[in-house]
Amino acid sequence: MAARDELVAAVADRYARGDRGERGRILDEFAAVTGYHRKHAMRLLRSGQVNRRRGPRPGRRIYDEAVREALIVVWEASDRICGKRLRPLLPILVEAMERHGHVQLAPEVRARLLAMSAATIDRALRDVRRQAGTATRRRSAPSAAIRRSVPVRTFDGWDDPPPGFVEADPVARGSFVQTLVLTDIATGWTECAPLLVREQRLLTEVLGELRKLLPFALLGLDTDNDSVFMNETVRDYCQQVGIEFTRCRPYRKNDQAWVEQKNGAVVRRAIGYRRFEGLEAAAALARLYAAMRLFVNFFQPSFKLASKARDGAVVRKRYHLPATPCQRLLADPRTNEDVRHRVNELRATLDPVRLLQQIRAAQQQLVDIADKPVLGETAKPALPTLEEFLSGLRTAWREGEVRPTSVARAKPKRSRRRPDPFAAVTVELRGWFEAEPWHTSRELLERLQAPCPGVYPDGQLRTLQRRLKEWRREAAHQMVFGATTADPGFAHGDGKRSLLSNGANDCFSNCEGGAKSPVDLPLRLDDAAASPTTPQGQHQ
């Protein structure tokens with residue numbers, strides 16, 4: 001490349017002074033020598049220098065560090081959603097945070113932040129994201145008569161229903177506090193409520209409370225074939241209040257794809273996989289869902305499938321632009337003006353950062369309840385104030401996972417479960433090891449078996465191997481990092497000493513003459529073979 005650069009510098013001046021015919025001959029010779037394309041060679045000779053581009057293109061970076069810092073804060077306030085979902089949320093979230101005084105962006109920073117595309121958002125957050133890192137019990141089948149009275153609706157049988165037709169499913173089955181999840185088909189509006197026990201009358205009462213929270217009337221209820229739904233109590237309740245009651249096909253979870261998706265994206269993402277039981281846990285879950293329903297439905301965009309086409313083995317899916325359930329509800333022409341007015345009034349009062357702080361506080365309370373120690377109480381972490389929570393959004397990505405319910409419970413260190421078979425002879429074994437450390441575990445076990453036949457069977461060899469491994473590790477650590485003399489660089493005798501020696505080898509002296517034995521301590525699990533530096537006379 002250097003020779004080509006010199007050739008360009010030498011020929012460019014002559015090319016500029018020549019006439020049309022001479023420039024053509026120079027161009028032909030230059031292209032033949034360098035191998036450049038004729039058009040590229042023409043541009044080089046006109047400019048007189050090689051246009052070699054290195055690094056990012058100049059003038060293309062329009063999002064500076066201030067825009068990136070603002071993006072990190074907004075991304076944290078959105079609960080770390082992806083760029084495709086964050087892009088349509090930016091105007092709503094920035095306006096809400098500015099209205100409540102959480103951020104004050106300069107006009108140019110705000111304009112650039114709102115102009116960012118989804119791909120640019122993902123690229124700007126790439127390093128931040130990188131650093132931030134069952135079997136169910138079979139239940140008895142419901143009554144066949146109840147199932148026959150409830151019509152079946154499959155996944156493709158909705159035919160674009162109006163807002164009000166929901167799918168329902170309980171999460172975290174078993175004898176623990178469960179969550180009843182309702183998901184609207186048209187808008188994706190999601191409501192959650194804790195179920196203290198799996199009881200049909202309690203479920204109808206909880207369903208009645210959720211109907212009061214929904215911004216629209218509940219028109220249809222589609223459930224699976226769980227016995228908590230397939231009973232006369234729930235069926236008669238739906239008939240009395242005018243709710244169309246349907247069910248999916250048995251063992252066809254895809255018939256309830258909308259609510260099954262929310263089970264993972266909303267419920268499991270918020271509460272994790274811990275098991276909660278008791279009134280205290282149910283009350284904490286109720287506080288969590290009270291804040292989460294507003295945050296999810298007003299500030300969490302989601303995708304909605306628009307079309308799906310199969311071409312052989314390939315399935316091509318098309319999605320609508322990401323939008324929040326609130327946006328879909330307001331954009332639906334079938335939504336009446338009273339519902340629009342109430343939703344707009346509620347949205348104007350919501351603070352997304354305060355809601356996220358309340359969610360984090362409730363998640364920490366749930367973790368404290370689920371991981372409560374059996375004996376004694378440990379100090380619980382202090383919950384941050386709204387100002388502290390807002391200031392932490394800028395650097396929260398450095399701490400990794402921030403949801404308390406997503407952090408696995410610390411497991412206690414496993415201790416010995418069986419009695420130590422060498423408890424009575426540990427001191428004797430340690431003495432043999434310190435006197436002759438080159439002996440293997442098999443040799444020490446045979447030495448124990450000689451005076452006490454039948455007491456130490458061969459099956460205990462593995463236990464003794466682990467014991468010797470620990471002793472050898474301790475001895476090696478003492479040889480390298482053990483206590484040193486006043487002058488650690490030299491020995492007491494001849495005034496010279498290896499820099500790696502520190503006096504710990506004195507415990508391996510020959511008992512007769514005091515001379516050191518060239519002994520090494522292999523740090524291996526299998527010590528069947530002696531070290532190459534072990535004296536041959538020491539083997540039995």
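Colleague: In the protein chain, which helix has the lowest confidence and which the highest?

Modeller: This is a predicted model, in which local features need pLDDT of at least 70 and side-chain atom pairs count only at pLDDT 80 or more, while totals for chains, interfaces and linings use all residues. Residues are numbered from 1 along each chain as its sequence is written, and side-chain values use heavy atoms, without hydrogens and water. On pLDDT (the predictor's confidence in each residue, from 0 to 100), with helices taken as DSSP runs of H or I of at least four residues, numbered from the N terminus, the lowest mean is 78, in helix 1 (residues 2-17), and the highest is 95, in helix 14 (residues 325-331).

Colleague: How many contacts beyond four places in sequence does the model have for residues 484-540?

Modeller: Over residues 484-540 pLDDT stays under 50. Where pLDDT is low, the predicted coordinates should not be read in detail. With contact meaning heavy atoms within 4.5 Å, the count for residues 484-540 is 71.

Colleague: At what angle do the axes of helix 4 and helix 6 cross?

Modeller: Axes are lines fitted to C-alpha atoms, for helices over the stretch in contact, with angles from 0 to 180 degrees between N-to-C directions. The axes of helix 4 (residues 65-77) and helix 6 (residues 107-115) come within 9 Å, and the crossing angle is roughly 60°.

Colleague: Which residues of helix 6 make the contact with helix 4?

Modeller: Helix 4 contributes Ala66, Val67, Ala70, Leu71 and Val74. From helix 6 come Val109, Arg112 and Leu113.

Definitions and conventions. Helix = DSSP H or I, 4+ residues; strand = E, 2+ residues; numbered from the N terminus.
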